[in-house]
Amino acid sequence: MTSAFRLALTADFFDEAGNAKFADLGTSLLEEHPHIRLSKLPEFRPTISADQLADSHGVIVLTPKVTAESVTGCDDLLAIGRFGVGYDSVDVEGCTAQDVLVMITTGAVDRPVAEATIGWMIALTHHMFVKDRLVRTGQWNDRTNYMGCELRDRTLGVIGLGGIGRTLVSLLKGFGMRPPIAFDPFAPAEVFDESGVRSVPFDELLATSDFVSIHCPLTEETRGLIGEKELRQMKQGAYLINTARGGIVDEEALFDALQSGQLAGAALDCFEIEPVTEPHPMGELENVLLAPHSIAWTNELFRDIGRTACQSMLDLSLGRSPHGVVNHELLEKASFREKWSRVTGIPVESLK
C-alpha cells in the first residue's frame with residue numbers, strides 16, 4: 001500500500017480567512033487518492049524557510065522564492081512544484097544538491113498567454129486604452145489623432161519558440177500577417193519547420209519585426225537581453241510585448257524609446273522589481289499597457305496549471321516519473337531514489 005504523501009500549497013493561494021482565492025486549483029484530481037494528504041502552509045513568507053517545509057513531501061509554490069536554505073535539512077522533501085513555467089524564483093542547483101526535484105507545469109500556460117499576447121497586439125495597434133479614455137473624459141473629437149493599424153501584413157518576431165511562442169504563431173494564422181520569424185538558439189530546426197516559422201539571427205529579428213514578443217525564460221544569458229542598443233535596432237514604430245519575465249528588458253531604456261517615438265508602443269506583464277506597489281513610471285505614457293504579472297490569469301489557466309502540478313505530485317507519490325522536471329538527472333541519482341522509495345514505501349527497483 002502506498003504511504004501517505006503530504007502535499008502542501010503555499011499560503012498565497014488562500015485569503016486571510018483560509019478560503020481559496022481562485023475558483024479551481026485542480027486539486028479535485030487528488031480526491032480519489034486518499035494517500036494524498038493535502039494542506040496549506042499556515043503563513044505566507046516571500047521566501048520559504050526550511051521550517052515551513054519540514055513536514056512536507058511535496059510543495060506547490062505560487063509566488064514565494066525557494067532558496068538553497070529553504071530546502072536544507074528537509075530530509076523528506078521530494079519536490080518543489082512551481083505553479084507555472086518560470087522557475088527563476090527557485091534555486092535549482094540548491095534543490096538538486098538536497099535531492100529535491102523542481103517541477104514546472106509545461107504546456108499548461110501556452111494557450112492563455114498566447115491569447116493575452118494577441119489581445120495586447122490588437123489593443124496597442126487600435127489605441128484601445130486611449131480611446132476608452134476619450135469617451136470617459138468627453139474628448140470625442142480627439143479621435144482623429146489616434147488612427148490605428150491592423151495586424152494584416154505585419155511581421156511577428158518571437159524571442160523563444162517554446163510552447164507559448166508556437167501557440168501564438170498558430171493562433172495568429174487567420175490575421176493575414178506575414179510569415180513569422182523567431183530567434184531561439186536552443187530550438188531544433190524541426191520545431192521551426194513544423195511551426196512554419198523562419199529562424200533568424202537576433203539582430204535581424206529586431207530590425208524587421210513589427211511586433212517583438214518575448215517568450216524566453218530569465219537566465220543569466222537573457223538578463224538585459226533588450227537594452228538601449230537593441231531598442232535602437234528595432235524597426236521604427238514597432239511594438240514590444242513582454243509576458244515572460246522582468247529583467248529581460250531594460251525598463252529605463254524602454255521608457256526612453258517609447259517617449260521618443262522610436263517604438264509605437266509596448267505591453268508589459270512583468271517588471272524588474274515585483275511586486276509593483278507604487279505607481280510605475282511606465283504609467284506616465286499613453287502608448288503602454290501594463291498588467292501586474294497576471295494578464296493571462298483565467299479560471300481555465302489556474303485549473304490547468306493546478307491539474308498539471310497535482311498530477312506531477314500524484315505520479316511522484318505513486319513511484320512514477322513526473323511531468324515537467326527541471327533537474328531530471330535526479331531521477332536516476334541513487335540517493336534521490338532511496339529517499340523516493342523511503343517516502344513512498346515503494347521499492348527502489350519498482351520506481352519508474
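Predicted model: local features only at pLDDT ≥ 70, side-chain atom pairs only at ≥ 80, totals over all residues.
## A salt-bridge network

Glu43, Arg45 and Asp51 are linked in a network of salt bridges. By the rule used here, the count comes to 14 salt bridges. Several of them are described below, with the places of their partners.

Start with Arg342 and Asp76. Their side chains meet in a salt bridge, at 2.5 Å from N to O. Arg342 belongs to helix α12, while Asp76 sits in the loop between α2 (68–71) and β4 (79–82), so this pair ties together parts that are 266 residues apart in sequence. Arg342 has 49% relative accessibility and counts as partly exposed. Asp76 also counts as partly exposed, at 23%.

Next come Arg245 and Asp88. These side chains form a salt bridge too, at 2.6 Å from N to O. Arg245 is in the loop between β10 (238–242) and α10 (251–260), and Asp88 is in the loop between β4 and α3 (92–97), so the pair ties together parts that are 157 residues apart in sequence. Is Arg245 buried or partly exposed? Its relative accessibility is 16%, so Arg245 counts as buried, because buried means under 20%. Asp88 is partly exposed, with a relative accessible area of 39%.

Glu204 is partly exposed, with a relative accessible area of 30%. Arg198 is partly exposed as well, at 46% relative accessibility.

## A patch of negative charge

Which residues gather in a patch of negative charge on the surface? They are Asp250, Glu252, Asp256 and Glu272. Asp250 is placed in the loop between β10 and α10. Asp250 has a relative accessible area of 32% and is partly exposed.

## Inside helix α12

Helix α12 covers residues 334–344. Which of its residues are buried? The list is Phe336, Arg337, Lys339, Trp340, Ser341, Val343 and Thr344. These buried residues pack against β1 (5–9), β5 (101–103) and α11 (299–317). After α12 comes Gly345, which has a positive phi near 75°.

Ser341 has 14% relative accessibility, so Ser341 counts as buried. Setting aside residues up to four places away in sequence, Ser341 touches Ile346, Pro347, Val348 and Leu351. Arg337 also lies in helix α12. Arg337 is buried, with a relative accessible area of 14%. Beyond its neighbours within four places in sequence, Arg337 is in contact with Leu331, Glu332, Val348 and Leu351.

How many residues apart in sequence are Arg337 and Asp99? They are 238 residues apart in sequence. In space, C-alpha to C-alpha, Arg337 and Asp99 are 9.0 Å apart.

## Backbone exceptions

Most residues other than glycine have a negative phi, and most peptide bonds are trans. Some places in this model depart from that pattern.

What kind of peptide bond joins Glu274 and Pro275? The bond is cis, with omega about 0°. Pro275 lies in the loop between β11 (263–268) and β12 (288–290).

Asp153 is not a glycine, yet its phi is positive, about 70°. Where is Asp153 found? Asp153 is in the loop between α5 (128–136) and β6 (156–159). Asp153 is partly exposed, with a relative accessible area of 47%.

His293 is not a glycine either, and its phi is positive, about 50°. His293 is placed in the loop between β12 and α11. With a relative accessible area of 23%, His293 is partly exposed.

Technical notes: Residues numbered from 1 in each chain as written. Heavy atoms only, no water. Helix = DSSP H or I, 4+ residues; strand = E, 2+ residues; numbered from the N terminus. Buried < 20%, exposed > 50% of the residue type's maximum accessible area, 1.4 Å probe, protein only. Contact = heavy atoms within 4.5 Å. Salt bridge = Lys/Arg side-chain N within 4 Å of Asp/Glu carboxyl O. Patch = residues over 30% accessible without salt bridge, like charges linked within 9 Å, V, L, I, M, F, W, Y side chains within 5 Å. Areas by Shrake-Rupley, 256 points an atom, 1.4 Å probe, with all protein chains shown as cover. Lys, Arg positive; Asp, Glu negative; His and termini not counted. Charge placed at Lys NZ, Arg CZ, Asp CG, Glu CD.
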